[in-house]
Amino acid sequence: MSPETSIIAALIVPLVGAIGIALAGRISPNVREAVTLTTAGALAWIVWGLLPIVFAGGRPGVTLAEVLPGINIAFEIEPLGMMFALLASSLWIVNSVYSIGYMRGANEKNQTRFYVMFAVSLAAAIGIAFAGNLFTLFLCYEILTLSTYPLVSHKGDKNTINSARIYLGVLLTTSIGLLLPAIIWTYSVAGTGDFVMGGILDGKLSGPAVGLLLGLFVFGVGKAAVMPVHRWLPAAMVAPTPVSALLHAVAVVKAGVFTVTKVIVYIFGVDFLFAEPSSSWLLYAAAFTIITASIVALRQTNLKRLLAYSTIAQLSYVVMAAAILKPLAEIGAAIHMLAHAFGKITLFFAAGAIYVAAKKTELHQLKGIGRRMPITMTAFTIGALSMIGVPPTGGFVSKWYILAGAFEADNYVALATIIASTVLNAAYFLPIVYMIWFIKEEPGGKEHGEAPWQSVLALAITAALTIGFFLFNGPALELERQLVEGMS
Amino acid sequence: MKILGLYYYWVFAILLMTGFYAVIAKPNLIKKMIGLALFQSAVFLLYITMGHIVGGTAPIFSSVTGDTLYSNPLPQVLILTAIVVGISTTALGLGIIVRIKEEYGSIEEDEIQEIDKQ
Amino acid sequence: MNALDAHLPALQVVVPMLLSAIVVMLKPRGLAWAATTATSAVAFAISIELARLTLDGATINYAMGGWPAPFGIALGVDAFSALVLLVVTGASTVTLIGARASVDSEIALERQPFFYSAWLLALAGLAGIVVAADAFNIFVFMEISSLASYVLIAGGPDRRALPAVFKYLIMGTIGATFYLIGVGLIYMMTGTLNLADMELRIHEVADQKPILAAAGFITVGLGLKAAVFPLHVWLPNAYAYAPHMVTAFLAACATKVSIYVLLRFDFFVFQENLTGHAFQFSAFLLPLALLGILIGSGVAMFEKNLKRLFAFSSVAQIGYIILGASLVSVAGLTASILHIFNHALAKGALFLVAAAFAMNAGGLRLADLGGIGKRMPWTFGAFVIAGLSLIGIPGTAGFISKWYLISAVMELGVPGIAIIAVIIISSLMAVVYIWRVVEVAWFGEPAEPGVAAPTIPPMLIAAIWICALANLYFGIAPQLPADLAGSASQLLLDHLP
Amino acid sequence: MTVIFGVFLLTLLVITALAIVRTENLFVAVMLMGIASLLIAANFFILDAADVALTEAAVGAGISTVLFLGALALTNAQERSTTSRKLLSTIVVVAATLVLIFATFDKPEFGDPNSPVQTHVSPWYLEKTPEYIDIPNVVTAVLGSYRGYDTLGEVFVVFTAGIGVLFLLGANPGVGAGQQAREINSGLRHHLIPRVVGRLLIPFIILFGLYVQFHGEYGPGGGFQAGAIIAAGIILYALLEGEKRALEVMPQKFLLGMMAAGGLIYGGVGVVCMVLGGNFLDYSVLSSNPVKGQQMGIILIEAGVGIAVTGTLLSIFHAFAARER
């Protein structure tokens with residue numbers, strides 16, 4: 001397959017898979033799950049197949065249609081997008097395995113619809129990763145928003161509908177209200193929206209307008225959950241856990257920070273922004289979000305909501321790292337997406353496994369649960385350590401790079417924020433770890449063991465990845481170094 | 001002549017607005033239709049007035065040809081059409097009024113609104 | 001151009017008009033429908049051919065009766081007319097394809113020949129307005145289309161259709177008569193009725209009072225017919241209580257044709273000749289457009305009847321069209337004309353969906369629609385697509401026009417920000433009113449449990465999906481309407497300095 | 001002298017119009033409306049518009065009055081004495097009047113032979129008609145040929161109104177009720193004098209109608225006026241002899257056929273022209289001599305107009321009459 005065909009195939013495969021799942025759903029759940037896994041496998045195979053080309057410096061691209069003069073539906077692969085696509089497609093396999101265990105264990109209804117929409121969401125995520133210009137990115141971004149709505153509202157009860165309304169409301173409001181004007185503005189001043197190394201706005205825009213446009217982008221990308229546009233994320237936790245795990249810890253939120261990073265690197269250009277003082281507010285906004293979200297997380301009593309606020313904080317790590325505007329920090333931003341993804345999906349898998357096995361969702365119910373679910377809780381512990389940034393977990397690697405970037409830029413705000421938030425992270429994760437292992441279970445609890453084996457397998461894999469990323473992060477660093485070539 | 005010309009136009013304006021007033025201010029539907037008919041008739045007057053020529057005759061050639069001055073045939077043709085349009089609208093409007101009376105038992109706008117609110 | 005092509009402007013009007021006189025005689029069940037649909041399809045084919053011929057900016061002129069303009073009546077089709085013709089005939093054809101079952105359920109069999117005959121007359125009237133290049137001829141065909149629309153709307157099964165249509169008749173007639181007064185005043189000052197001739201001759205008298213009054217009368221009169229805020233009061237009830245198929249047809253194109261005449265008249269006759277007219281035009285229409293956008297969307301958010309909800313949304317969408325035009329720029333006009341096309345796609349689909357819902361839900365209050373999406377998933381899917389197009393989500397046709405519109409407003413610089421804010425707020429309001437329906441239709445419970453399994457005529461589903469897919473297709477590949485709209489706006493503005 | 005007469009008529013007209021708005025008796029209002037139409041027709045006659053005057057008299061004072069009376073018979077003859085939105089209406093009306101009065105000041109002088117209206121297009125009609133069409137009545141020439149397409153549109157406006165009324169009122173309010181209506185409405189058969197006078201009049205009315213129809217090329221008249229007059233004659237017959245008899249002579253179906261046929265004749269002529277190689281409605285191709293062709297075409301389309309108008313007006317009348325219970 002030529003790289004161009006591979007790109008198209010990567011977009012088509014999940015969609016074809018969605019149709020296949022819908023048809024297979026009429027035959028039997030087993031066939032349906034087989035189709036899901038096959039599709040996920042095929043997608044991952046295709047995406048991995050593209051890696052060597054990008055590694056070697058290739059930037060394969062394909063233009064599908066010209067929608068308006070100068071505005072195309074076009075895809076082009078660069079290191080950041082490559083990494084995001086690898087992440088989403090590979091974790092989809094793991095997540096599918098987990099879903100099978102979870103959905104069956106929890107007796108969810110309308111499972112076929114669930115898998116179909118999941119596949120569509122993945123197609124949109126791949127589209128975002130490979131988008132060659134702002135318009136294509138926006139198109140896929142909106143498809144992702146809409147295709148995850150049925151997943152969030154899966155249960156269909158009153159509470160779910162309200163939360164799903166917040167989800168959709170915030171994401172659409174920001175994207176139509178801020179992101180779309182930002183994109184049109186960009187096209188009108190730059191004449192193009194293509195992602196070009198070094199940016200396209202240099203010399204086209206100056207002064208406070210730069211800061212304003214950056215603001216439209218950052219808050220327009222509601223999926224990046226920079227405060228105050230973060231409210232959708234806790235709301236989305238009403239979704240079944242596999243959705244929270246893959247989409248709201250990986251695909252959707254990473255699509256958000258990915259978009260922000262991509263806009264900073266390829267639309268504004270890092271050097272251009274660095275020279276423009278009006279853009280410096282972004283760092284403070286991200287820092288504020290990190291600290292505030294961590295404090296809010298501290299006060300949560302529901303496990304999934306705690307994880308959601310932790311996600312908000314971690315996303316702003318990426319935004320802040322990108323906003324430091326130094327090469328090492330940009331690399332840190334990119335690999336923090338990976339590190340956080342592995343850690344957070346593990347945590348969500350664990351939360352879901354607890355729900356399926358023990359029907360427990362609140363923190364105080366977790367006393368002593370480590371004895372009953374040792375594998376799950378070990379994985380949970382690893383994930384929590386990664387969130388704090390303790391070696392030997394992936395979280396340490398990315399935090400290290402971000403810190404290095406902050407030093408390079410002499411940016412003490414960023415330094416202080418990272419240190420403070422590390423303390424806060426420890427403050428809300430370590431008590432849980434202590435509780436699950438060292439406090440005795442309250443008497444009268446229901447007898448239970450581990451969750452279904454598929455789920456356990458999945459979370460074991462992601463926990464292993466979290467550790468593994470600490471040890472073998474060379475290729476990822478190598479790939480992302482291409483991102484900062486020629487940067488001062 | 002000047003005064004007469006202006007007078008024709010003013011009568012047009014007054015007729016037009018008298019009809020218009022009946023249309024918007026009267027709640028009775030038939031009265032509205034009458035107002036509408038008056039409103040349209042006024043426009044006929046406008047067109048025919050502008051087609052008139054002093055000392056002219058109707059634009060029908062007579063056997064006695066000479067330096068006869070004929071009035072403009074075009075506005076007359078337009079108004080023939082407009083009259084037909086007017087009667088058609090009137091007929092349809094009255095048809096609707098009859099149906100409203102049958103369904104609501106009233107042809108007063110405000111009463112009908114009251115009935116619909118229930 | 002072959003011999004037949006030369007006659008197409010006339011045939012576009014004459015074919016449906018003459019067939020209406022035949023359809024009225026077709027008593028047997030289904031025959032009137034079939035003949036009407038076939039006629040409409042022929043008209044659609046003609047308009048496609050006309051669009052093909054005018055795509056490059058050419059104008060096809062036709063002298064009725066062989067008399068040269070300005071003495072005889074001239075017809076003229078250019079890119080702008082071709083686009084509007086496509087909308088008119090396309091809306092009619094697609095709606096008719098799905099219409100039979102719905103019409104059967106609403107209109108007694110023995111009245112159907114009259115109904116379909118009126119449908120063709122409405123089609124002929126609207127097409128006649130669009131091809132006409134003569135101010136008075138426009139009036140005549142405006143009346144044909146208006147009278148036929150009154151008849152169609154009055155066919156609604158709910159008695160509230162009658163007061164609604166009466167109000168429409170009164171306001172429509174006032175609008176048409178205002179237009180006639182305006183034309184009369186211009187005729188008085190120029191001695192001609194032909195638009196092209198008028199354009200040349202009005203220059204000498206442009207500063208005189210009757211012309212200024214004429215501009216006012218024509219703008220207000222056509223604004224009434226086009227339901228420009230605040231002259232829209234006839235529209236919501238007329239649309240809400242008309243037979244469902246009639247709403248789908250008229251909502252897609254009727255008001256657009258009046259806007260077409262307004263733009264054509266204004267840009268061909270007034271803009272270049274009247275000093276300060278461009279400013280007055282903007283200053284008058286821009287605030288109305290913005291208010292219409294906000295108030296239309298705002299009312300739609302709280303409306304409880306599905307068709308009234310869509311109708312108020314139409315008021316807002318008409319605001320978008322007027323907004324684009326009131327910028328008096330190529331980009332603005334392109335956006336405006338493109339939105340005529342794209343809104344027809346979205347609203348046509350939505351009203352067809354409303355028809356399908358109505359056949360199964362027993363009513364169109366939101367409370368009646370609980371859970372209908374799960375019972376009619378295909379219809380519901382089309383509803384979501386069309387709704388997204390109305391909101392302006394990328395990948396749908398509605399997005400394209402919004403893109404053009406915002407780009408055009410950006411040309412204004414800083415003052416444009418307020419206008420963009422209005423557009424965006426209105427889009428978000430559209431999210432609200434569309435999603436209210438989605439939530440009810442998908443998550444709601446049926447008002448009465450144990451409702452019968454839905455019966456959806458396959459032709460209706462086909463029509464709905466033709467529209468829905470068109471919304472997607474023209475969202476990805478909008479070249480055809482965009483090119484036509486581009487040529488059209490060039491055409492309207494190339495006179496201007 | 002005509003000036004004074006004109007001013008007198010106009011003043012009378014304004015007074016009538018005000019009376020129409022003020023009166024609360026709808027019957028009176030309709031009658032006054034008929035009078036206003038006659039006054040307008042008289043004015044048209046003074047202004048050299050004989051054709052229009054004839055039409056306004058036949059339609060405004062005749063047909064329109066009959067329709068209004070028919071509608072009144074089915075509704076109320078008395079209006080409730082309320083006026084809604086008085087202030088708003090007054091403001092709108094006064095403002096619009098001022099705009100109109102404002103507009104009058106730059107108007108060309110009344111009857112000025114050098115005004116644009118008189119100098120631009122119309123001289124061509126007067127000059128060229130003898131050459132191209134060669135009929136004395138230029139109005140008919142413009143109506144039938146130069147602007148024949150408008151007239152075709154006009155026929156279809158009438159047709160639309162006809163099918164509209166049939167669509168609205170044709171759906172019978174129950175078969176029994178319709179039957180009853182016809183029995184009650186047996187006309188004035190038992191009143192000797194109106195019946196005798198009426199019977200004497202009807203043939204003359206119809207004859208006059210036919211004259212107007214076929215004399216349209218030479219004098220004021222044409223299909224529309226003729227149709228209105230003939231319809232009036234038949235309506236008179238229906239009033240005298242009862243609905244039933246009238247419908248026996250000309251059943252509903254036949255009238256519907258007339259409506260459709262009139263339009264089709266007109267449009268058909270146009271299509272034939274097209275087939276023969278001319279433009280739509282270009283009658284000169286109908287005969288080897290273009291002038292003869294024009295004349296032929298005008299006669300044919302006038303016939304179409306007459307048939308359509310007669311059929312439509314009678315259909316509308318019957319639709320209203322059948323509603324009476």
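**Contacts, pockets and burial in a predicted model**

The side chain of D:S122 reaches the backbone oxygen of D:V117 at 3.5 Å. This is a predicted model, where local features need pLDDT of at least 70, side-chain atom pairs count only at pLDDT 80 or more, and totals for chains, interfaces and linings use all residues. Residues are numbered from 1 along each chain as its sequence is written, chains are lettered from A and ligands numbered from 1 in written order, and side-chain values use heavy atoms, without hydrogens and water.

Q: Why is D:S122 called buried?
A: Buried means under 20% relative accessible area, exposed over 50%, and partly exposed in between (1.4 Å probe, protein chains only). D:S122 has 2% relative accessibility, so D:S122 counts as buried.

Q: What does D:S122 touch, not counting residues up to four places away in sequence?
A: Contact means heavy atoms within 4.5 Å. On that count, D:S122 touches B:N72, B:P73 and D:V117.

Q: How do you know that chain A and chain B do not touch?
A: Their nearest C-alpha atoms are 32 Å apart. Chain A and chain D also have no contact, with closest C-alpha atoms 39 Å apart. Of the 4 pairs of chains in contact, B and D share the most contacts.

Q: What makes a space a pocket?
A: On a 1 Å grid over the protein atoms alone, a pocket is an open set of points with protein on both sides within 12 Å along at least five of seven lines; in a cavity, a 1.4 Å probe fits but cannot get out. Lining residues have an atom within 4 Å of a point.

Q: How much space lies in the largest pocket, and which residues lie nearest its centre?
A: About 2,200 Å³. The lining has 46 residues, and A:V116, A:M117, A:V120, C:G381 and C:I385 lie nearest the centre. α1(A) gives the largest share, 8 residues.

Q: What is the lining of the largest pocket by class?
A: Ala, Val, Leu, Ile, Met, Phe, Trp, Tyr, Cys and Pro count as nonpolar, Asp, Glu, Lys and Arg as charged, and the others, Gly among them, as polar. The lining has 36 nonpolar, 7 polar and 3 charged residues.

Q: Which residues touch the most other members of the largest nonpolar core?
A: A nonpolar core is a set of buried Ala, Val, Leu, Ile, Met, Phe, Trp, Tyr and Cys residues joined through side-chain atoms within 4.5 Å. Of its 580 residues, C:Y179 and C:F265 touch the most other members.

Definitions and conventions. Points joined across faces, edges and corners; volume = space filled by probe spheres on them. Helix = DSSP H or I, 4+ residues; strand = E, 2+ residues; numbered from the N terminus. Polar contact = N/O pair within 3.5 Å; in protein donor to acceptor, adjacent residues only side chain to side chain.
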